[in-house]
Amino acid sequence: MSTNEINDISENAQTNSLEESTMYDTWNLLKFTPVTYRIEIYGDGANIAVEKITEEAYEYWCDFSSCDLSSFAEYKCFDVPNYADFFQGGFWHELNEALYLYDPIICQCEVMVYDENDQEHFKCSLDNNGLAKSGINTFMGKNLNDQLLEKQPYYMGKLNEGGLYFTGYIQLDRPFDARRLTLSYDEFEGEKFLTNVFYDNNIVDDVGYREIDSDEYVKCKVFKL
């Protein structure tokens with residue numbers, strides 16, 4: 001048997017193998033009953049409020065620790081000059097005209113996917129190692145530090161939180177594939193806050209069901225960029 005004949009047989013075998021594989025995959029898809037999957041994202045996040053303050057207020061609070069400012073924000077436990085009381089009877093999180101965040105931090109979360117019978121189909125940590133192994137894509141929307149002006153004094157209150165942050169549903173006519181999942185985020189002070197979830201480039205609506213526990217103590221500071 002000539003070399004050309006052997007090559008022809010090998011090519012035909014590969015072609016037949018690919019055709020059989022394609023037919024097998026197609027048959028499996030035809031047999032697949034459409035499933036509504038539930039995507040949930042659990043983990044740690046933060047409630048962050050940022051607002052401009054006057055230079056006088058900034059200079060005043062620079063002489064105090066962040067713990068002192070946090071205590072004042074929560075309990076008004078000591079007197080301050082009127083110009084330094086930028087809360088003016090409001091709550092710490094109401095000072096948010098410059099920036100407000102209430103989102104999970106991607107690298108501190110994990111994603112879980114369930115079917116209609118609450119059977120788990122996928123689970124993965126969203127740290128760098130988990131993202132690389134699963135093939136989940138991410139992209140940045142905005143760097144929120146760019147929204148703040150240089151040399152402008154700001155107040156920031158931050159409450160660390162954790163729990164269920166996202167619940168969304170997708171109906172598929174084939175099994176869930178993590179490589180088709182994409183997460184977008186906004187970055188602030190070096191942390192990546194989840195903004196949207198996509199599957200096959202289509203946004204997955206968050207139904208708004210959350211179970212969040214918060215720290216008891218808010219952390220406050222004044223700063224300039």
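Glutamate 55 and lysine 224 form a salt bridge, with their closest N and O atoms 2.8 Å apart. A salt bridge here is a side-chain nitrogen of Lys or Arg within 4 Å of a carboxyl oxygen of Asp or Glu. Glutamate 55 lies in helix α2 and lysine 224 in the segment after β10, so the pair ties together parts that are 169 residues apart in sequence. Helices (H or I, at least four residues) and strands (E, at least two) are DSSP runs, numbered from the N terminus.

This is a predicted model, in which local features need pLDDT of at least 70 and side-chain atom pairs count only at pLDDT 80 or more, while totals for chains, interfaces and linings use all residues. Residues are numbered from 1 along each chain as its sequence is written, and side-chain values use heavy atoms, leaving out hydrogens and water.

By the salt-bridge rule the count comes to 10. Glutamate 40 pairs in this way with arginine 38, at 2.7 Å between the closest N and O atoms. Both glutamate 40 and arginine 38 are buried; buried means under 20% relative accessible area, exposed over 50%, and partly exposed in between (1.4 Å probe, protein chains only). A network of salt bridges links Asp177, Arg179, Arg180 and Asp200.

The protein as a whole has 4 helices and 10 strands. In helix α3 (residues 66-75), the buried residues are Leu69, Ser70, Ser71, Phe72 and Ala73. Their cover includes α2 (55-61), β5 (154-172) and β10 (219-223). Just after α3, lysine 76 takes a positive phi of about 45°.

Conventions: Contact means heavy atoms within 4.5 Å.
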